[in-house]
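Let's take a walk through this one together. Keep the model open beside you and turn it as we go.

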Amino acid sequence: MEKHSRPDKLPVTLGVEEEFFLVDPESRDLLADPDPRIFEFCAGNCGPHGVTREFLRSQIETGTNVSTSVSGLRKALLETRRTVIEGAELYGVVVMAASMHPFAAWQKQEITQRVRYEQFEQTFQDTVRRSALSGMHIHAGFADADTRVRIMTAMRRYLPLFHALSGSSPFAEGRETGFKSWRLTLMGGLPRTGMPPVLDNYAQFERIVTQYRQRDFIRDGSELWWDMRPSHAYPTLEMRVCDVCTRLEDALAIAALYICLIRFLVRLEKDGAITDEPPAEIIAEDRWIAQRYGVFSHFGGFGRGRTDIGDCLAGLVEDLAADAVELGCEAELRHTLAIVRDGTGADRQLDLYRLCRLGGDSHDRALRRVVDAVLEETRDGVAG
């Protein structure tokens, strides 16, 4: 890319929502109906952050407070992860940071008793019952609503890259899916998912929400489950495409890449230098490639041919260097390169499973060892 003026002092705030699974340490299966005191403990000990129930009773969701830096987000994520781990362990339960459990059966899961969730089940039936899925949502607050919508459009081509860096759901119901992220495939069974449309201003987004509401399809913008959207609850641009990262460092790296890219795109827009995006069909193809191959992807949206993810990312990290300096997150941004080199949570799950099978473990034993490894990584460097 061309060189442009030094980044200004555009402030960017950050917040992250992470969804975790609650696991029985004996069976290594999901706890369909965990002790409610876990949620009570977490809600009472989360400080400035938030901890809530999710659609399934076997899930727990955290939301950090607003951070003005990646270092602040690091502290917040340490605190939220530590809270849920300590709360779960207090009642004999362990916490899993992955977007799908390797062998849990969705038919055995129980839905949290809330009117909204019960309405979702009644409307969407098995498409939502099958959604034993967890995600990571990154909120970035910056500029005005119109600018955030335009940056959402400019960000579309990069969403497959973010997804590839976060994959953690290669197994489903005890089988190897062949994908680094099976989560997005299941999400696609619901309406109003996938890539956001091309929008030029916030009024266009509001018109879409109004059209849906007039037909009683949704209650509000929170029921548009696109890969990225203007948040309904906060003045932020919310990226929702990512799997949950097992390792805290990987989550921070993705957040750093996100806010650096936002600042870079805002600067390009100011200079009138944002290039035309690839055709929507190419971006959609890249999205599928990211689901399938993860850090082994070759994308079509970064040149005339297909480009290796490592080359795409290395060029992007170089372009974002000045923004990373301004944001004080050079190390976190460069860690994205380590994810490509060393693999994601999905890669580690698959490698361990195959090694265990080669070593003589049964299929079930190998999957249990995968669960153990994910549980250990979730706790590593977080719990006391």
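**A buried loop residue to start**

R28 is buried, with a relative accessible area of 16% (buried means under 20% relative accessible area, exposed over 50%, and partly exposed in between, using a 1.4 Å probe and protein chains only). You'll find R28 in the loop between β1 (13–23) and α1 (37–44). Helices (H or I, at least four residues) and strands (E, at least two) are DSSP runs, numbered from the N terminus. R28 also has a positive phi of about 65°, although it is not a glycine. Most residues other than glycine have a negative phi.

Before going on, some housekeeping: this is a predicted model, so local features need pLDDT of at least 70 and side-chain atom pairs count only at pLDDT 80 or more, while totals for chains, interfaces and linings use all residues. Residues are numbered from 1 along each chain as its sequence is written, and side-chain values use heavy atoms, with hydrogens and water left out.

A143 also shows a positive phi, of about 50°, and it is not a glycine either. Look for A143 in the loop between β5 and α5 (145–155). Is A143 buried or partly exposed? With a relative accessible area of 45%, A143 counts as partly exposed.

Now zoom out to the whole chain. The protein chain has 15 helices and 13 strands. Its radius of gyration is 20 Å, close to the 21 Å that the globule rule gives for 384 residues, so the chain is as compact as a globular protein of that length. (The radius is taken over C-alpha atoms, and the rule is 2.2 Å times the number of residues to the power 0.38.) Along the principal axes, the C-alpha atoms fill a box of roughly 60 × 50 × 40 Å. Buried residues make up 55% of the 384 residues. If you take contacts (heavy atoms within 4.5 Å) between residues at least 6 apart in sequence, 76% of them join residues at least 24 apart.

Next, head for strand β11 (residues 237–243). Seven of its seven residues are buried, so β11 is largely enclosed by the rest of the structure. Which way does strand β5 (residues 135–141) pair with β11? The two pair in the antiparallel sense, over five bridges; strands count as paired if DSSP finds at least two bridges between them. Strand β10 (residues 228–230) also runs antiparallel to β11, joined by three bridges, and β10 and β11 form a hairpin with six residues between them. M239 in β11 is a handy landmark here: I138 stands opposite M239, and M228 stands opposite M239 too.

One spot to look at is a nonpolar patch of about 340 Å² made by W288, Y293 and F296. Y293 belongs to helix α10 (residues 280–293), and at 34% relative accessibility Y293 is partly exposed.

Your last stop is D351, in helix α14 (residues 345–358). D351 is partly exposed, with a relative accessible area of 46%. The C-alpha atoms of D351 and T193 are separated by 30 Å, and the two residues are 158 residues apart along the chain.

Conventions: Patches are made of residues with over 30% relative accessible area and no salt bridge: like charges are joined within 9 Å, nonpolar side chains (Val, Leu, Ile, Met, Phe, Trp, Tyr) within 5 Å. Accessible areas come from the Shrake-Rupley method with a 1.4 Å probe; for residues, only the protein chains shown count as cover. A salt bridge is a side-chain nitrogen of Lys or Arg within 4 Å of a carboxyl oxygen of Asp or Glu.
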